[in-house]
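Hi,

Here is the structure I promised to pass on. Have a look at it first, and my notes follow below.

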Amino acid sequence: MSAGRDLVLSIGRLYCDIVFRGLDAMPCLGEERFAETVAIVPGGGGFITAAHLAALGTRAGLLARIGTDPLSGTLASALAESGVDLRWLEHAPEAGPQPTVVMVQDGERAFLSRRAGSARPATLDAALADPAARHLHIAEFATLAEVPDLIGRAKRAGLTVSLDPSWDDDWIRRPDLIERAAGADIFLPNAAEAIAIARSDDLDEAGSRLAGHFPVVVVKDGGNGARLFRRNTAFSIPAPEGGPVIDTTGAGDAFNAGFLAAWLAARSPEQALAEGVVCGTLSVRSVGGAGTRLDRADVDAMSRDLLCSHDRIDA
């Protein structure tokens, strides 16, 4: 990688997350429930991963579209304060509003979202051509489905590529998903996604199957930690024990940021996996996907402790 190429581009839809917490039960049809608190924060895997990368000291730019409507406008302050490079954030009337209602009960959540307009920003060509661009992170397969030449374009521009499929009922079990994702260097599903895509109920077998298609496969498994698969090796690292769980929204995207920051810094696979697990763990301690501002010193210390307290577990 030539000197000066230090920018990670993160692409995905940008949502306005309206997060309701403190529910006794989820609402059913015909019922009304009341929450103890509500927060309005930027959401979407592209932004959440970029924000956490920036907090960890990795230069990150957001490739997304945002509406010009009042609801989209409420995100302006949080976006500006995120530390993310917003040069490639396209403002367009048809790109909003794009809300997600998030209902959180006992740390778990349900979502209701609206997609608006196209996921392809008009700024795509300019971003990929930036001489500092090193890596493209695709935060959801749905964006890749809308921009099918995205991986090829990034690779021709000299970028490496990571992809989080992000569960989508329209795509997750499609037999051509792997073919459409060809060329991605790092594949980042969670456990449910890995099992569905690989068509195996055994997580280790699913990871091994996916490693036949992608150079690096990292499977996120919530409180169980994460597993890394390459063609001839596989290992896992468990999650730290204890700590509050306030909101699990975006935990996988925070994991992605921790893993990618370490991987792109040429840290060992074990270190990268541990940093991903730590970032995912820390992210659930506040409201919203990017609500916890990750601290590099904390992540380094916790990942060292995690590696020292748990030997690498071969999968």
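**A buried arginine**

Arg13 counts as buried, at 6% relative accessibility; buried means under 20% relative accessible area, exposed over 50%, and partly exposed in between (1.4 Å probe, protein chains only). Before going on, the ground rules: this is a predicted model, where local features need pLDDT of at least 70 and side-chain atom pairs count only at pLDDT 80 or more, while totals for chains, interfaces and linings use all residues. Residues are numbered from 1 along each chain as its sequence is written, and side-chain values use heavy atoms, with hydrogens and water left out.

Back to Arg13, which sits in the loop between β1 and β2 (15–21). Helices (H or I, at least four residues) and strands (E, at least two) are DSSP runs, numbered from the N terminus. The Arg13 side chain reaches two backbone oxygens: that of Ala116 at 3.0 Å and that of Gly117 at 2.9 Å. Both are polar contacts, meaning a pair of N or O atoms within 3.5 Å; within protein, one must be able to donate a hydrogen and the other to accept it, and residues adjacent in sequence count only if both atoms are side-chain atoms. Not counting residues up to four places away in sequence, Arg13 touches a list of residues including Gly43, Gln98, Arg115 and Glu140 (contact is heavy atoms within 4.5 Å).

**A buried aspartate**

Asp69 lies in the loop between β4 (60–66) and α2 (70–73). Asp69 is buried but has no salt bridge, and the nearest side chain of opposite charge, Arg114, is 7.0 Å away. For charges, Lys and Arg count as positive and Asp and Glu as negative; His and the chain ends are not counted. A salt bridge is a side-chain nitrogen of Lys or Arg within 4 Å of a carboxyl oxygen of Asp or Glu. What does the side chain of Asp69 have instead? A polar contact of 2.8 Å joins it to the side chain of Ser72, and one of its polar atoms is 3.2 Å from the backbone nitrogen of Leu71.

**Salt bridges**

The count comes to 21 salt bridges. One of them is Asp6 with Arg59 (3.1 Å, N to O), which links distant parts of the chain: Asp6 is in the segment before β1 and Arg59 in the loop between α1 (45–55) and β4, 53 residues apart. Another pairs Asp168 with Arg115 at 2.9 Å, N to O. Asp168 is in the loop between β9 and α7 and Arg115 in the loop between β7 (108–113) and α4 (124–129), so this pair ties together parts 53 residues apart in sequence. Asp168 is buried at 9% relative accessible area, whereas Arg115 is partly exposed at 45%.

**Strands and a helix**

Five of the six residues of β8 (residues 133–138) are buried. Strand β1 (residues 7–11) runs parallel to β8, joined by five bridges, and β9 (residues 160–163) is also parallel to β8, with four bridges. Strands pair if DSSP finds at least two bridges between them.

In helix α9 (residues 203–211), the buried residues are Leu203, Ala206, Gly207, Leu210 and Ala211. Seen down the axis of α9, they fall within an arc of 135°, so they line one face of the helix (the arc is that of the directions from the helix axis to the C-beta atoms).

Cheers
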